[in-house]
Amino acid sequence: MTNIRQSLNLTAQGTIAALALGTLVTATHAQTIGPDLVNSSLNDVAMNGTSADGTITGYSCGNVTCNRGDMNLDTSPNTSVRPIVGMNMYRFVPGTLNAFQQLGQGWGKWVALPINGSHASCGGDCNGGGVGNMPPNCADLYSSGFNSPGGMCPRSQVNVTLGTLAGGRGSNTGEASISTRVQVPTSAVTTQLLGVVYFFETVDSLPADATYVRPGQTVAVNAMNNATSQQININPATKQATLVGGSGAGGAQLLPAIARWAELDDDVVLVTADHDDTPNPNASFPNTFIRSRYYLAGKATDLGGGSWHYEYNVYNLNSDRAADTLRIPFPSSATLSGVSFHHPRSHSGEPFTNEAWTAVRSGSELVFATEKFDTNPNANAIRWGTMYSFGFTTNVAPDQGSLTLELFKPGSTASIQASGMTVPGTPACLADVTDDGGVTIDDLLEYLDRFNAGTINADLDGDEGVTIDDLLLYLEHFSAGC
């Protein structure tokens, strides 16, 4: 895993993108890169319609897909070899928590015949190339108007690790105005707090990009820069969206939107966690593997009165195996309240469920989980190009530790670790409510005042209520001296 927090403070976009890829990538292209598919920028964002009941609004975007590598990119026009572009929308809400969540996701754009042209965001002039062959610096530019429901494919048919598509276009369900679009709650765009920030994101997929292994390496990494995000503005009256910085390269970064949370909030810690266990099917690179990457971000907010709120986001860039469990270190004596879970909903005929994850205390961990693959292959796992959010409040101050992410589909790697994260630390002395390092009659009197007032910091057992059980628990700790 790689902590990329410092890289987000750099001003050179190329350096930021390079650092985000990990140690195998250099910003100067000193080594052979190979074919490297990226969505170098967004072209436009469109509001496509609102559901009949007014609760869901659909969006789509136009993209500039290009080859930023140094070898030709195979975009052969057949069913399984097509650039696929997934689309997402996110929102940052400033305030006490500075929350960042994915509002919605859409189906994948099934690119028909990429047309080679030149574009400033692709690094230079396009020289030559024909159908099924995209040379370095060549671009395929199209607007959101090309993303009609009939031209989209279900995400469930994409193996993003390999870059392949198992099906085709269409076969969608639902209201025509929002079907396959990036579906977001209408209230999220029409009711806006001061300082709210929106981002649109795309995630690309193609076999030639996903499976290429650079000279001297044993793991394919060219898909690590396949997510691009750009800030957008949304008019709350009309729900129409516009790109901040305009179309082209303005404002776009070769980083997923989760990285923008760390840009907007200095307290956010952002790391990457990888698993390299997918055998590479490309015969040109025998005995090699493909890297799959997750981004994990988290922070702790001091609510005062001895309470802390923890917020985590987990983003799956390109792991077909998906993730079904998040394990967070959590002291057995800590209180627990305000548990939250948020995810972008699957729709338009996708087979995946939208069941909320459960949160269970297990030993010294807090475990968020959905169903296992053996129980339900269509469970609500964290699949490619999606970000899930988890939160809770406790009486334990933060420390540094590791999160564990368990993978959903079978494979040789059962789980991966994300180190350097903000996690609940060692609990403070429960009886020392005055926080002066000792347990005296003053602590007892202070707790009795809180108990009589029914304040949240008197809820010691984490059941979100102040009852006689809390008083008995405090007296037990007071008698024990801590």
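User: In which helix is the place of leucine 472?
Analyst: This is a predicted model, in which local features need pLDDT of at least 70, side-chain atom pairs count only at pLDDT 80 or more, and totals for chains, interfaces and linings use all residues. Residues are numbered from 1 along each chain as its sequence is written, and side-chain values use heavy atoms, leaving out hydrogens and water. Helices (DSSP H or I, at least four residues) and strands (E, at least two) are numbered from the N terminus. Leucine 472 falls within residues 468–480, which form helix α6.

User: Which residues make the nonpolar surface patch of about 270 Å²?
Analyst: Patch members have over 30% relative accessible area (Shrake-Rupley, 1.4 Å probe) and no salt bridge, and nonpolar side chains are joined within 5 Å. Leu472, placed in helix α6, belongs to this patch. The patch is made by Ile468, Leu472 and Leu475.

User: How many helices and strands does the protein have, and what is its radius of gyration?
Analyst: The protein has 6 helices and 26 strands.

User: Which residue meets arginine 327 in a salt bridge?
Analyst: The structure holds 12 salt bridges (a Lys or Arg side-chain nitrogen within 4 Å of an Asp or Glu carboxyl oxygen). One of them links distant parts of the chain, strand β20 (residues 323–329) and strand β23 (residues 365–369), through residues 38 apart. At 2.8 Å, N to O, the side chain of arginine 327 meets that of glutamate 365.

User: What is the volume of the largest cavity?
Analyst: A cavity is space where a 1.4 Å probe fits on a 1 Å grid but cannot get out, and lining residues have an atom within 4 Å of a point. The structure holds 1 cavity of 30 Å³ or more. Strands β3 (56–67) and β6 (99–110) each supply at least two residues of its lining, which includes Tyr59 and Trp107. Its volume, the space filled by probe spheres, is about 40 Å³.

User: How much space lies in the largest pocket?
Analyst: A pocket is an open set with protein on both sides within 12 Å along at least five of seven lines. Of its 23 lining residues, Gly305, Gly306, Ser307, Asn395 and Arg450 lie nearest the centre. The space in the largest pocket is about 470 Å³.

Key
Patches are made of residues with over 30% relative accessible area and no salt bridge: like charges are joined within 9 Å, nonpolar side chains (Val, Leu, Ile, Met, Phe, Trp, Tyr) within 5 Å.
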